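Let's walk through this one together, starting with the whole chain and then zooming in on a few spots. Have the sequence and the 3D view ready.

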Amino acid sequence: MSAVRAHRGVVAGEYVMTAEDFAFIAGVMRDSTGIHLGSGKATLAYSRLAKRLRALGLESFKDYCALVGTPDGADELQAMVAALTTNVTRFFREPHHFEALASEFQTRLAEKARAGQPVRLWSAACSTGQEPYSMAMTVLDALPEALDLDVRILATDIDPNVLAEARAGTYAAEVASAIPSSTRARYAAPGGDRGAYTVSRQVRDLVVFNSLNLNGSWPMKKKFDVIFCRNVAIYFDDATQERLWGRLADSLVPGGLLCIGHSERVSGPAEARFHLGGLTTYRRSAT
Ligand SMILES: C[S@@+](CC[C@H](N)C(=O)[O-])C[C@H]1O[C@@H](n2cnc3c(N)ncnc32)[C@H](O)[C@@H]1O
């Protein structure tokens, strides 16, 4: 591919992406996902979407935008969202959240589950599954009989490609190496292609994966005891973030735990509904 150059709002290389094309793409992303693509992201959008133009045999971003804007372009809209979302994740990322989760089970949630009550956890923006599986391993360490009780982890994402990988539960050796070795020995088995690991059936059975847009409607009726919503709000503009924090507060039981990403902060009216209990770890107030 020829070098990509950006000049006065136009990005050019193999294709030309004008300022209008980029504005259209950014508008579609904002309306369909809440993701804010500032003008500094034009080169990134170009390089991620050039592959789509090639795959579709299109000659320009103008044609691509025309396709995405029609009802026939619904599948391509999904492919565009998948191409423009960032899916970086790892097992036990931000370990203090998993310590908080373990402590939540040791102090309250194990007892609640053993008393026959439902315990619900949510990994909201789970990417390829490392986050909810790390949650499941933490839960099983604290409550080995979790599967026999009413304990479940809902894991959702907007991108069907990452959900398919998450459901498969198989990870390359270097990805699985982020699981502490004693935990990995208990909850993942080697044997896949080139030293890959697959998470155990027990871990997978605790997690239910579903497609969900955090800026769409949420079908869940029950409230959650714990929500991990990490490293996704950062891609939304301020108003969208504030709305999300409010909806997450509504979705937590009083006293429930919310863990957010290392560079995120609960803002807006919802701030008054949480107490900051630790680094990016919030507890919903009782009212
Ligand atoms: C950087 S990953 C974070 C993964 C994980 N939570 C972590 O912290 O390691 C962000 C994820 O958010 C998802 N995402 C982006 N916008 C979304 C939206 N509107 N609704 C649901 N998921 C979204 C992306 O598909 C991506 O998998």
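A contact here means heavy atoms within 4.5 Å. With that in hand, take the contacts in the chain between residues at least 6 apart in sequence: 71% of them join residues at least 24 apart. Bear in mind that this is a predicted model, where local features need pLDDT of at least 70, side-chain atom pairs count only at pLDDT 80 or more, and totals for chains, interfaces and linings use all residues. Residues are numbered from 1 along each chain as its sequence is written, and side-chain values use heavy atoms, with hydrogens and water left out.

Now for the overall build. The chain has 11 helices and 13 strands; these are DSSP runs numbered from the N terminus, with helices being H or I of at least four residues and strands being E of at least two. Along the principal axes, the C-alpha atoms fill a box of roughly 60 × 50 × 30 Å. The radius of gyration is 21 Å, which agrees with the value near 19 Å that a compact globule of 287 residues would have. That radius is taken over C-alpha atoms, and the globule rule is 2.2 Å times the number of residues to the power 0.38.

What about inside and outside? Buried residues make up 49% of the 287 in the chain, where buried means under 20% relative accessible area, exposed over 50%, and partly exposed in between (1.4 Å probe, protein chains only). The chain exposes about 13500 Å², and carbon and sulfur atoms supply 53% of that; the areas come from the Shrake-Rupley method with a 1.4 Å probe, and for residues only the protein chains shown count as cover. As for charge, the mean positions of the 32 positive and 31 negative charges are 3 Å apart. Lys and Arg count as positive and Asp and Glu as negative, while His and the chain ends are not counted; each charge is placed at NZ of Lys, CZ of Arg, CG of Asp or CD of Glu.

Next, find helix 4, residues 74–84. Its buried residues are E76, M80, V81, A82, A83 and L84. What covers them includes helix 1, helix 2 (42–56), helix 3 (61–68) and helix 7 (160–168). Leaving aside neighbours within four places in sequence, A83 is in contact with R48 and L49. The C-alpha atoms of A83 and N161 are separated by 10.0 Å, although the two are 78 residues apart along the chain.

Helix 1 spans residues 19–33 and holds G27, which counts as buried because its relative accessibility is 12%. From G27 to D75 is 48 residues in sequence and 17 Å in space, C-alpha to C-alpha.

Then there's an open sheet of 3 strands, ordered 6-8-7 with antiparallel pairing. Strands count as paired if DSSP finds at least two bridges between them. Strand 6 (170–171) and strand 7 (188–190) are the edges, each pairing on one side only. Strand 7 is joined to strand 8 (residues 197–199) by 3 bridges, and A189 stands opposite T198 in strand 8.

Finally, look at two loops. Which residue sits between strand 4 (119–124) and helix 6 (130–142)? That's A125, a non-glycine residue with a positive phi near 95°; A125 is buried, at 18% relative accessible area. In the loop between strand 12 (274–278) and strand 13 (281–284) lies T280. Its phi is also positive, near 45°, and T280 is buried at 10%.
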